[in-house]
Amino acid sequence: MIESAYVQDLRTALTRADFTVDAVFGLLGEEAHRALGRNQTIPARRATSGGGALATLVRLFALQVPVDRDRADAALPGLVEPLVAAGMLDASGGEVRALVDVRPYGDEDHDWWIVCDPTPGLDVRQSPMNAEYVLGISEASSSLAQLTIREPVGRALDLGTGCGVQALHLAQHSREVVATDVNPRALAMARLTAELNGVDFDVRDGSLFGPVAGETFDLIATNPPFVISPPGSEVLVYRDSGMPGDSVVRHLVENAAAHLNDGGWCQILANWAHRAGTPWQEGLEEWFAGQPLDAWVVQRELVDPAEYVEMWLADAGLAGSADYVQRYDGWLDWFAEVGIEAVGFGWLSMRKTSAAPAHRFEEWAGEVAPPVGPAVAAWGRRTDLLRGLDDEALLGHAFRQAPDLVEETRGPVGAEHPEAIVLRLQQGVRRARQVDTIEAGLVSASEGDLTAGQILDALASLLHRDAADLRRTYASSVRELAADGFLT
Ligand SMILES: C[S@@+](CC[C@H](N)C(=O)[O-])C[C@H]1O[C@@H](n2cnc3c(N)ncnc32)[C@H](O)[C@@H]1O
């Protein structure tokens with residue numbers, strides 16, 4: 001990567017060109033931007049044919065189009081030679097092309113750049129992925145970034161940092177960030193991402209928790225190489241750990257507590273195997289056995305073996321390759337042999353606790369309203385509240401309905417009473433629950449002043465029901481409504 005002496009000049013050139021997410025969107029327009037999201041560059045090529053430094057940088061990096069040397073010199077003054085020397089650009093025949101990607105990225109408050117490998121498969125080109133490929137911002141990266149709890153912490157760890165995207169986010173709310181990887185190209189790119197953005201992370205070489213042996217953190221965020229590949233297949237380091245099945249995720253779960261401070265969180269984006277005859281929750285529960293960890297596991301998607309194999313063969317650039325059929329068949333054979341009948345994709349959020357651990361396994365393929373991080377932190381607070389609370393204490397608690405809750409009713413138009421009442425959260429995991437009249441009344445009257453028990457007593461008197469009976473019957477509803485975040 002480019003020498004430190006030139007990083008400030010590169011930053012200046014990118015800033016001067018206004019090489020930001022918003023400016024690139026403004027230059028390309030919606031249609032070309034959407035097409036680029038589908039890996040199609042032609043509309044964006046048409047939108048950037050006019051010249052200017054921003055158009056040059058977009059063509060060079062995002063579209064992977066060679067640009068004239070004088071256009072490259074104008075956009076990156078004094079930098080083309082150093083970037084060529086660093087292996088980031090190639091210059092020949094009066095043209096310059098990019099060998100790595102420098103990509104605008106940001107959140108609500110920041111404009112950043114990410115250094116990574118060029119996006120593969122533009123304009124339906126297919127070629128096998130390089131084993132040392134360094135991923136840019138993938139769907140998985142964004143999913144983890146919005147899942148991560150963004151509260152101020154002391155020490156944070158990004159395990160398997162790649163281009164450094166998670167570390168960049170972590171650095172905004174952590175006093176110290178350690179970022180690890182086994183791929184030397186990733187380590188170099190993460191370092192440059194940090195330098196280019198004027199952010200400090202401690203980038204370390206080594207596998208899994210190896211580089212942080214004996215150290216603890218307040219927050220670990222990891223998007224590990226979780227793909228469940230057959231043994232003997234080539235290891236693509238950005239997605240394969242080389243460990244069998246889903247054991248890389250199991251290893252992270254089983255070793256998280258040793259690297260967390262009390263109350264610290266470890267959040268993992270993962271795949272897990274569904275094995276014939278074992279409910280997936282039971283399989284994962286084994287990983288947590290004996291660990292001092294509260295855990296909320298959300299399965300976002302379930303894919304069958306064929307879909308899984310197609311997805312990852314295409315990701316490896318092997319769709320249409322000469323041995324596609326053989327690889328597809330072999331992967332399915334291996335799944336059948338080891339009893340993997342589906343693969344779950346989702347989120348693991350774990351918190352180190354000294355209390356009796358609480359585990360929640362949930363399937364939620366429905367809508368989420370990002371960011372989900374605040375919902376994870378709120379789940380932690382609810383878990384603390386509900387842990388060890390018997391029914392009497394629970395009903396003695398004054399809850400509030402979640403501020404983002406809406407009620408939907410269904411039934412014939414004009415009917416006096418609805419056939420069904422559904423409560424739906426609007427933020428984070430947008431859970432919905434069908435409730436009866438008592439539960440609906442309980443939630444609507446929960447404003448933080450009356451206890452759940454007092455509200456149930458009032459409902460009993462209003463509906464001519466026995467108050468003790470209602471308390472007994474609805475204590476479990478109160479517990480579920482609180483556990484699910486409808487009551488806070
Ligand atoms: C799916 S990528 C995630 C990259 C980035 N953190 C993100 O969120 O987009 C997985 C990363 O883990 C790294 N990796 C692979 N095997 C590893 C291992 N044994 N220990 C640590 N990192 C590893 C890969 O090089 C790659 O950068």
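This note sets out numbered points on the structure shown above.

1. Basis of the model. The model is predicted: local features need pLDDT of at least 70, side-chain atom pairs count only at pLDDT 80 or more, and totals for chains, interfaces and linings use all residues. Residues are numbered from 1 along each chain as its sequence is written, and side-chain values use heavy atoms, with hydrogens and water left out.

2. Overall form. The C-alpha trace of the chain spans about 90 × 50 × 45 Å along its principal axes. The chain contains 18 helices and 18 strands; these are DSSP runs numbered from the N terminus, a helix being H or I with at least four residues and a strand being E with at least two. Of the 488 residues, 50% count as buried. Here buried means under 20% relative accessible area, exposed means over 50%, and partly exposed lies in between (1.4 Å probe, protein chains only).

3. Cysteines. Zero disulfides are found in a search of the whole structure. A disulfide is a covalent bond between the sulfur atoms of two cysteines; the criterion applied is a pair of cysteine sulfur atoms within 2.5 Å. For Cys-163, the closest cysteine sulfur is that of Cys-116, at 5.6 Å, which is too far for a bond. Cys-163 is buried, with a relative accessible area of 1%. Cys-266 is likewise in no disulfide, and the nearest cysteine sulfur, that of Cys-163, is 19 Å away. Cys-266 counts as buried because its relative accessibility is 1%.

4. Salt bridges. The count comes to 32 salt bridges, each defined as a side-chain nitrogen of Lys or Arg within 4 Å of a carboxyl oxygen of Asp or Glu. One network of salt bridges links Arg-155, Glu-176, Asp-202, Arg-204 and Glu-215.

5. Individual pairs. Arg-34 forms a salt bridge with Glu-30, with the closest N and O atoms 3.3 Å apart. Both residues of this pair, Arg-34 and Glu-30, lie in helix H2, four residues apart, or about one turn of the helix. Arg-34 has 48% relative accessibility and therefore counts as partly exposed. Arg-97 pairs with Asp-90 in a salt bridge, the closest N and O atoms being 3.5 Å apart. Arg-97 is partly exposed at 41% relative accessibility, and Asp-90 is partly exposed at 27%. A further salt bridge joins the side chains of Asp-240 and Arg-239 (3.7 Å, N to O); both Asp-240 and Arg-239 are buried.

6. Negative surface patch. Glu-139, Glu-301, Asp-304, Glu-307 and Glu-310 form a negative surface patch. Patch residues have over 30% relative accessible area and no salt bridge; like charges are joined within 9 Å, and nonpolar side chains (Val, Leu, Ile, Met, Phe, Trp, Tyr) within 5 Å. Accessible areas come from the Shrake-Rupley method with a 1.4 Å probe, and for residues only the protein chains shown count as cover. Lys and Arg count as positive and Asp and Glu as negative, while His and the chain ends are not counted. The place of a charge is NZ of Lys, CZ of Arg, CG of Asp or CD of Glu.

7. Backbone features. The peptide bond from Pro-370 to Pro-371 is cis, with omega near 0°. Pro-371 is located in the loop between strand S14 (368-369) and helix H14 (373-386). Although it is not a glycine, Asp-123 has a positive phi of about 50°. Asp-123 lies in the loop between strand S5 (111-116) and helix H7 (139-147) and is buried, with a relative accessible area of 17%. His-464, also not a glycine, has a positive phi of about 55°. The loop between helix H17 (452-462) and helix H18 (467-483) holds His-464, which counts as exposed at 73% relative accessibility.

8. Leu-36, in helix H2 (residues 21-37), is buried, with a relative accessible area of 19%. Leu-36 and Asp-240 are 204 residues apart along the chain, and their C-alpha atoms are separated by 27 Å. Arg-185, in helix H9 (residues 184-196), is partly exposed, with a relative accessible area of 26%. Arg-185 and Ala-356 are 171 residues apart in sequence and 42 Å apart in space, C-alpha to C-alpha.
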